[in-house]
Amino acid sequence: MTRSTVALCAALLLVAAAPRAAAAGARARAHVDTAGEQDCASCHRTETPAAFAAWEGSPHGVALVKCVVCHGSTGKDFRARPAAKGCASCHAAQAASVEKRPVSDCFACHAPHSLSAHPHR
Amino acid sequence: MGSMNRREFLKASAAASALVALGSRAQAAPADPKDLTWTKSVCRYCGTGCGLYVGTKDGRVVQVKGDTENHNAGFLCLKGFLLPQVMAAPDRLLHPLIRKGDKLVQASWEEAMSLVAARFKEAIGTHGPDAVGFYGSGQGLTEETYAANKLFKAGIRTNNVDGNPRLCMASAVAGYVSTYGKDEPMGCYEDVDHADTMFLIGSNAAEAHPVIFRRIVKRKQTGKDVKIVVMDPRRTATSRIADLYISFTPGTDLAILNGLAHVLFAENLVDEAFIAKHLAFGEGTEANKTLADYRAFLADYTPEKVAALSGAKAEDIVTAARWFGAKGRTTMSMWCMGLNQRTKGVWANNLVHNLHLVTGKIGLPGSTPFSLTGQPNACGGVRDGGALSHTLPYGRLVANEKHRAEMEKLWGVPAGTLAPKPGLATLDMFRALEDGKLKAMWIMCTNPAQSLPNADRYRKALRREGAFVVVTEAFHPTRTSELADVVLPAALWAEKEGVYGCGERRYQLLEKSVKPAGEARPDFEILCDLARRLGHGALLPWKTPAEAWDEVRAVARGTAYDFHGMTRERLRTSHGLLWPLPAEGHPGTNRRYVKGEDPLVPADAPDRILFYGRPDKRAVVWARPQKPAEEVVDAEYPLWYTTGRVIEHWHTGTMTRNCKELRQANYESVAELHADDAAAAGVKSGDPVRVTSRRGSVVFKARVVDGARRGLVFVHMHDPDRMCNRLTNDAVDPVSRQPEFKICAVKLVKA
């Protein structure tokens, strides 16, 4: 994988990280070939440092809920912009309460990657 | 894994509340969940034993979701929610295989089982029952392990029955038994929710037990002034939540644990009334010492001396002891393979128990010594079920005449059927295969040709001329099935029914969701078939695992494990039950030895706790001196070598490596190095390095990581192509017979 393709991939992920983009849809974009890489962090620690640091310092990062949980593999199922409906599979009660709120979805309040937690009243 | 200091961690968790949700409950649905049929089950992976539901459609497993009513509160780790992918993996074995020369070729069940029966009969007839052996697994279902144990010990009449729990928790067993007289933890996962101090040693729970770790993190975030101490030579992901992290030279932890006890006495953090009422003191194998003897033994373990030996800081040892013993606070210890996989593993276990005993921090919510377990049914199936070479079901011992007589009666076999001499423990069994004493071996649901230490030696033994090896396995090829003479396709996880017992004495039913793939059969059926062919069909007469379960409950009745109240129906409707649970109306027992909770403690017991496991009703504080690892670094092999897990993979990777999301996540075993060691070898991350021990040599890619300890190389155990166990030491603990996977000496050069 060349540096430029990594950078392109990084740009896509950063776009995906914007709440509005995530809300806009969950259409998967192809991930670059990662054969020979050890894990997501091998590239993303340096290529998308802001997103990586936000995740690593988050509750998801502490509990090692890693990239694949939301983004899928780097194959055909790769989701550059994970849909907020995926949150419900772990946080069903909180996700259900979103429907009663004047917000588009989870990412309206929880910035992707940092996904800070707070009580849903 | 990157590091995060305490300030960053607290910042990250500042907004946390009781509702904070970590972990992963299930993946986004590929189909509308309402279209699926949901069956209650348990995760196939680690000893945490997370409850889940299996979602099926058109006879296929398509999704899982966490069981919100179970201890895991609906959370699964990333491996757990990817489980559906392993069921239809391309390397599922769909039909029996028989070796013809260098090849394994397809055969019918009849052909394969006839051959197996003939070879076992021949070995037994010519060389006696001890010429055969069974090597089982902490991943088999309880009914499967029970069937194998009964067939081999009461039918064939050999005690050559052992299993891979010998590699992972035998030292924890011997630790509990020597200290309390009975095996298994007295506490439960719920203790985490009440713990003021948590003390983790030799455990990377963040990766090896992620859902328990989630609970620890939640307690840290939501409890008041919760302190976490992590002790491990490597600064792992677990240490990210530590208030105090202590690194030390591998093999010096016995000294550190004695140093903690020294400080507890020196600072009067002990509970003298508890000591007087409930404890005995011992050395070697006899509990014939006094408190004064023990204090004299501890005199040598001053924080300064321990620091000089271990490389830890004296003030950190003092702080850890103060937090452990603080009056009015609760303390829970958790440990895993870092203590168990050692030539002094039993002693290390004893020393953790000592800390709880002298402080009286035991048998109270939040105060308990809790060993974490690696496999989903190591406790329930092999450990409790007595399927090791020296044990019989539910706390009975082969060498105990009364216990043998009890089992002979329960099993309806003539007196004298059970052989009085313990059989061969795991490595002894493979060594007997090596030297030709063992002629035929049955391996069920595990992969020893990858997971045994000094693996090349035992790989050769498995292919020794004249040895006959049967492997029942859901996948092929594995590093073991490729060496077998017969490979039988085993049903996997959701394809069969049975009971798993996890690390906290919780027994749970896995219900069948789908038909077995191809011609695969549950191990339970395969073993019943074998029994019929060997003329022991009457011993394994059951039509279903449920019938066997009724016999298992009867065999456990009246023992310290008594779970007679766990009927099949109750297991079906519950979300896990903790033994003892002697009658149907009993709720189960969160804390053993505790009056008012444990049904085996009389209501009129004089105190809150009764250590009924020993004749004097006292737990033993053992004086166990510091001993180094069997193999230490020297001029020729100057680096320490240790092995372990990563979160993405499990055991030998036969399942997790079939998940597409995990194929490019820590798929390959690499040599994790400290930057100074990499520089000394002239390598950078990604460069190939040859790591060599006295037993073997493997080329890994180097990877410089933040948390590495200078002078220590770490490699994970999940890669069949770069097997860390070619290097590990097969020296064993003399009591538990558990090998020292965790420490040996290596040299490393650029390849």
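This is a predicted model: local features need pLDDT of at least 70, side-chain atom pairs count only at pLDDT 80 or more; totals for chains, interfaces and linings use all residues.
Two strands pair if DSSP finds at least two bridges between them.

**View 1. Seven strands of chain B form an open sheet.**
The order of the strands is S5-S4-S19-S18-S17-S6-S7. Their pairing is mixed. Strand S5 (103–106) and strand S7 (161–163) of chain B are the edge strands, and each pairs on one side only. On average, neighbouring strands of this sheet are turned by 20° against each other, direction ignored.

**View 2. Strands S18 and S19 of chain B run parallel.**
Strand S18 covers residues 468–473, and strand S19 covers residues 486–489. They are joined by 4 bridges. Where does Val471(B) find its bridge partner? The partner is Val487(B), in S19(B). In general, strands of a sheet pair through backbone hydrogen bonds, either parallel or antiparallel.

**View 3. Helices H19 and H21 of chain B cross at roughly 50°.**
Helix H19 holds residues 426–434, and helix H21 holds residues 455–462. Their axes come within 8 Å. H19(B) and H21(B) are therefore oblique to each other. The crossing of H19(B) past H21(B) is left-handed. Which residues of H19(B) and H21(B) make the contact? From H19(B) come Phe430(B), Leu433(B) and Glu434(B). From H21(B) come Tyr458(B), Ala461(B) and Leu462(B).

**View 4. Three strands of chain B form another open sheet, in the order S12-S11-S23.**
Pairing here is mixed. The edge strands are strand S12 (286–289) and strand S23 (619–623) of chain B, each pairing on one side only. From one strand to the next, the twist averages 55°. Strand S11 (residues 279–283) of chain B and S12(B) run antiparallel, joined by 2 bridges. Phe281(B) has Lys289(B), in S12(B), as its bridge partner. Helix H16 (residues 345–359) of chain B packs on the sheet and touches S11 and S23 of chain B. The direction of helix H16 makes about 120° with that of S23(B).

**View 5. Strand S13 of chain B is largely enclosed by the rest of the structure.**
Why is strand S13 (residues 331–335) of chain B described as largely enclosed? Because 5 of its 5 residues are buried. Thr331(B), Ser333(B) and Trp335(B) point one way from S13(B). Met332(B) and Met334(B) point the other way. Strand S8 (residues 197–201) of chain B runs parallel to S13(B), with 5 bridges joining the two. Strand S14 (residues 368–371) of chain B is also parallel to S13(B), joined by 4 bridges. Met334(B) is the bridge partner of Leu200(B). Met334(B) also stands opposite Phe370(B) in S14(B).

**View 6. Ser247(B) sits in a loop.**
The loop lies between strand S10 (244–246) and helix H10 (253–266) of chain B. Is Ser247(B) buried or exposed? Ser247(B) counts as buried, because 20 C-beta neighbours lie inside 10 Å. The cut-off for a buried residue is 20 or more. Not counting residues up to four places away in sequence, Ser247(B) touches Pro233(B), Arg235(B), Ala312(B) and Arg709(B). Arg234(B) is 13 residues from Ser247(B) along the chain, and their C-alpha atoms are separated by 6.7 Å.

**View 7. The largest nonpolar core has 255 residues.**
In soluble globular proteins, nonpolar side chains tend to be buried together. The members that touch the most other members are Leu151(B), Leu260(B), Leu527(B), Ala671(B), Val691(B) and Val713(B). Leaving aside neighbours within four places in sequence, the contacts of Ala671(B) include Val689(B), Val691(B), Phe700(B) and Leu748(B). A second, separate core has 6 residues, among them Ala84(A), Cys90(A), Cys106(A) and Phe107(A).

**View 8. Chain A has 7 helices and 0 strands.**
Of its 121 residues, 46% count as buried. Among contacts in chain A between residues at least 6 apart in sequence, 67% join residues at least 24 apart.

Methods. Residues are numbered from 1 along each chain as its sequence is written. Chains are lettered from A and ligands numbered from 1 in the order in which they are written. A residue is buried if 20 or more other C-beta atoms lie within 10 Å of its own, exposed if 12 or fewer, and partly exposed in between; C-beta atoms are placed from the backbone. Two residues are in contact if their C-beta atoms, placed from the backbone, lie within 7 Å. Axes are lines fitted to C-alpha atoms, for helices over the stretch in contact, and angles run from 0 to 180 degrees between N-to-C directions. A nonpolar core is a set of buried Ala, Val, Leu, Ile, Met, Phe, Trp, Tyr and Cys residues joined through C-beta atoms within 7 Å. Angles under 35 degrees count as roughly parallel, over 145 as roughly antiparallel, 65 to 115 as roughly perpendicular and the rest as oblique. A crossing is left-handed if the near helix is turned anticlockwise from the far one by less than a right angle, and right-handed if clockwise.
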